[in-house]
Amino acid sequence: MIRRFNSYFAATSVVWLTLAISSYGQTYMIDINDADDPITETGWTGLDAVHSGSGSSVLIDGISFEIFSADGARVRGGSASPTPNALTGDFVFDDGSNQAVGMFFGGAGDLPRGVWQVDVYIFDDGSTIENQIVGWRKDGAETIIGTDFLPDATNPAATFEFLSNGAAAYDVFVRENNDANRSRLNAVALTYVRIPEPSSVVLLGALAALGAMAFRHR
Ligand SMILES: [Ca+2]
Ligand SMILES: [Ca+2]
Ligand SMILES: [Ca+2]
Ligand SMILES: [Ca+2]
């Protein structure tokens, strides 16, 4: 009876680990473009956002990465010579006091359980945008990472991690925090960086069960 339980436990644990490990290192690199004049950075997936309005999206691995609360999208310098480059030269924006722009990481349960790293690109070569609030939401509940992230022409303006429980809906947002009243979101990289903590328990259990099976088969 115990042996049967161990075999079952090992088999299910190995399946679970395979699923977890297959997701490990997965990166979604999304370059937000202006749909009227799109240019996508090499190696990135383009999200062509409407020039005026909100709600544009791109579907990857069944996850809909969707822009929310944007006034629209712009490309500085045009697609032929975006400034400063094809990644941060284009963006979605929302102007006005306390306005925010963000990106949904799919709907409820779409983002696999685990620790995810988010790289947020914020820049506008055509206007002064100053410091920004950056945060993420779980089913609409905000967690603020910081309130004074500065725009950066080439590197992520903010990088942070959050834990997905595999059931809720998650998103990232950028909100203006200065007198310029301008929020910008140029690109987002989302990377599965760690197997969830409980997996170490599962792993030990699987190894113990496999060890028992090996011992039994000698
Ligand atoms: Ca972009
Ligand atoms: Ca682009
Ligand atoms: Ca607005
Ligand atoms: Ca303001």
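**Strands, cores and labels**

Author: Let us start with one pair of strands: β9 and β10 pair in the antiparallel sense over six bridges. Please keep in mind that this is a predicted model.

Reader: How do you know that β9 and β10 count as paired?

Author: Two strands are said to pair if at least two bridges are found between them, and β9 and β10 have six. One of the facing positions is K138, which stands opposite A141 in β10. The two strands form a hairpin with two residues between them, and D139 in the turn has a positive phi of about 50°.

Reader: What makes β10 a strand that lies largely in the open?

Author: A residue needs 20 or more other C-beta atoms within 10 Å of its own to be called buried, and of the nine residues of β10 the number that are buried is zero, so the strand lies largely in the open.

Reader: Which sheet do β9 and β10 belong to, and in what order do its strands come?

Author: They belong to an open sheet of six strands, in the order β3-β4-β7-β12-β9-β10, with antiparallel pairing. β3 (57–60) and β10 (141–149) stand at the edges because each has a single partner strand, which leaves one side of each without a neighbour in the sheet. Direction ignored, neighbouring strands of this sheet are turned by 15° against each other on average.

Reader: Why is A168 called partly exposed?

Author: A168 has 16 C-beta neighbours inside 10 Å, and since a buried residue has 20 or more and an exposed one 12 or fewer, A168 counts as partly exposed. A168 is found in the loop between β11 (158–164) and β12 (170–176). Leaving aside neighbours within four places in sequence, A168 is in contact with A108, K138 and D139.

Reader: Which residues have the most contacts inside the largest nonpolar core?

Author: That core has 42 residues, and those with the most contacts inside it are I32, V92, V101, V120, V174, L185 and V188. Its largest share, five residues, comes from strand β7 (residues 100–105). Among the residues that V92 touches, not counting those up to four places away in sequence, are I32, V101 and L185.

Reader: What makes β5 and β13 edge strands?

Author: They belong to an open sheet of three strands, in the order β5-β6-β13, with antiparallel pairing. β5 (72–75) and β13 (182–185) each have a single partner strand, so one side of each is left without a neighbour in the sheet. As for the pairing itself, four bridges join β5 to β6 (residues 90–95), where at least two are needed, and the bridge partner of V75 in β6 is D90.

How values were computed: Residues are numbered from 1 along each chain as its sequence is written. Chains are lettered from A and ligands numbered from 1 in the order in which they are written. This is a predicted model: local features need pLDDT of at least 70, side-chain atom pairs count only at pLDDT 80 or more; totals for chains, interfaces and linings use all residues. Two residues are in contact if their C-beta atoms, placed from the backbone, lie within 7 Å. Axes are lines fitted to C-alpha atoms, for helices over the stretch in contact, and angles run from 0 to 180 degrees between N-to-C directions. A nonpolar core is a set of buried Ala, Val, Leu, Ile, Met, Phe, Trp, Tyr and Cys residues joined through C-beta atoms within 7 Å.
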